[in-house]
Amino acid sequence: MNVLISGSSGFIGSALTPYLQSRGHTILRLVRDHSQQGVFWDPQQGIIDLPADANIDAVINLSGDNIARGRWTKQKKERIRLSRINTTSLLAGTIVCLNPQPEVFLSASGIGFYGDCGNVVVDETSPAGKGFLVDVSREWENATLAAQQAGIRVVCLRISLVLSGRGGILRRLLPLFKAGLGVVLGSGRQYMSWITIDDLNAAVDYILGNKSLSGPVNMCAPNPVTDCEFTRTLNSILKRPTLFRLPSFLLRALFGEMGKEELLFSTRAIPKKLTSSGFEFRYPGIEKALRHLLRLE
């Protein structure tokens with residue numbers, strides 16, 4: 001397939017792009033610098049230099065400001081929101097004018113759509129929760145409406161915590177855990193939904209070719225774990241003890257609203273649509289996943 005992709009230089013995009021190329025797809029990147037190879041775009045100005053007769057089979061939208069970098073000030077929250085909604089709206093409005101239109105539009109969303117669920121298991125049929133990320137995810141997905149109304153198959157990728165040995169949260173945590181400072185956050189009972197970058201890449205390729213999949217799709221492994229389970233598993237693999245716990249009040253004081261929603265909210269999501277359609281995860285369990293990513297298999 002000829003695939004147009006935004007966010008190709010980001011954490012997920014930089015892994016997904018070469019993977020899709022290895023699977024035989026041709027990638028066309030959206031870039032924000034005229035000196036870079038690809039299709040220039042400026043979402044803030046509503047510009048995409050894409051000819052109306054461009055031969056695009058699929059579009060993957062991964063653009064969005066990093067939600068875990070810095071406190072959520074009023075300005076930061078607005079950047080988070082607009083960086084997702086404006087880019088998605090621009091892409092959706094542009095691709096409906098192409099002739100022929102793309103077959104499928106995969107647009108990133110977040111597992112934060114479900115909010116704080118406690119121990120309740122949620123899937124794609126579950127309602128939205130409450131919170132800033134919930135509102136952002138809802139607006140983000142609604143921004144694909146133009147493509148949906150034009151008859152393009154739209155898939156909203158509700159992406160969970162992505163684990164990779166080459167970047168992201170796991171790489172940032174490793175020095176702390178290796179130093180014996182791997183701590184339980186808050187009560188440790190909050191669930192985290194996660195997925196390896198390997199399974200995420202494979203799932204995206206699978207969705208591109210599976211016409212039965214549309215609407216929201218949870219991009220997470222089938223076995224969510226509590227923060228305590230994750231911490232103890234990683235410490236055990238690294239042969240370190242789990243000695244410390246950071247109280248919830250301290251996390252809120254240090255990180256504010258971001259700490260509450262990103263570190264203390266509990267999301268026990270499962271990938272019902274993926275598994276029901278026949279997709280098989282290579283790394284469904286956290287210990288095997290971590291050993292693979294740390295090259296300890």
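**Close-up views of a predicted model**

**View 1. Ser6 and its surroundings.** The side chains of Ser6 and Ser63 form a polar contact at 3.2 Å. This pair is taken from a predicted model. Ser6 belongs to strand E1, which covers residues 2-6. With a relative accessibility of 0%, Ser6 counts as buried, because the cut-off for that class is under 20%. Leaving aside residues up to four places away in sequence, Ser6 touches Leu30, Trp41, Ile60, Asn61, Leu62, Ser63 and Leu91.

View 2. Ile12 lies in the loop between E1 and helix H1 (13-22). Its relative accessibility is 17%, so Ile12 counts as buried. Residues touched by Ile12, not counting those up to four places away in sequence, are Leu62, Ile159, Val162, Ile197 and Leu200. Leu62 is also listed among the residues that Ser6 touches. Between the C-alpha atoms of Ile12 and Ser236 the separation is 27 Å, and the two residues are 224 residues apart along the chain.

**View 3. Helix H2 against helix H3.** Two packed helices are described by the angle between their axes and the distance between the axes. For H2 (residues 74-95) and H3 (residues 132-142), the axes come within 9 Å and cross at roughly 15°. The two helices are therefore roughly parallel to each other. The crossing of H2 past H3 is right-handed. On H2, the contact involves Lys77, Ile80, Arg81, Arg84, Ile85 and Thr88, while H3 contributes Phe132, Val136, Glu139 and Trp140. Sorted by class, this contact of H2 with H3 has 5 nonpolar, 4 charged and 1 polar residues.

Key
Residues are numbered from 1 along each chain as its sequence is written. This is a predicted model: local features need pLDDT of at least 70, side-chain atom pairs count only at pLDDT 80 or more; totals for chains, interfaces and linings use all residues. Side-chain values use heavy atoms; hydrogens and water are left out. Helices (H or I, at least four residues) and strands (E, at least two) are DSSP runs, numbered from the N terminus. Buried means under 20% relative accessible area, exposed over 50%, partly exposed in between (1.4 Å probe, protein chains only). A polar contact is a pair of N or O atoms within 3.5 Å; within protein, one must be able to donate a hydrogen and the other to accept it, and residues adjacent in sequence count only if both atoms are side-chain atoms. Contact means heavy atoms within 4.5 Å. Axes are lines fitted to C-alpha atoms, for helices over the stretch in contact, and angles run from 0 to 180 degrees between N-to-C directions. Angles under 35 degrees count as roughly parallel, over 145 as roughly antiparallel, 65 to 115 as roughly perpendicular and the rest as oblique. A crossing is left-handed if the near helix is turned anticlockwise from the far one by less than a right angle, and right-handed if clockwise. Ala, Val, Leu, Ile, Met, Phe, Trp, Tyr, Cys and Pro count as nonpolar, Asp, Glu, Lys and Arg as charged, and the others, Gly among them, as polar.
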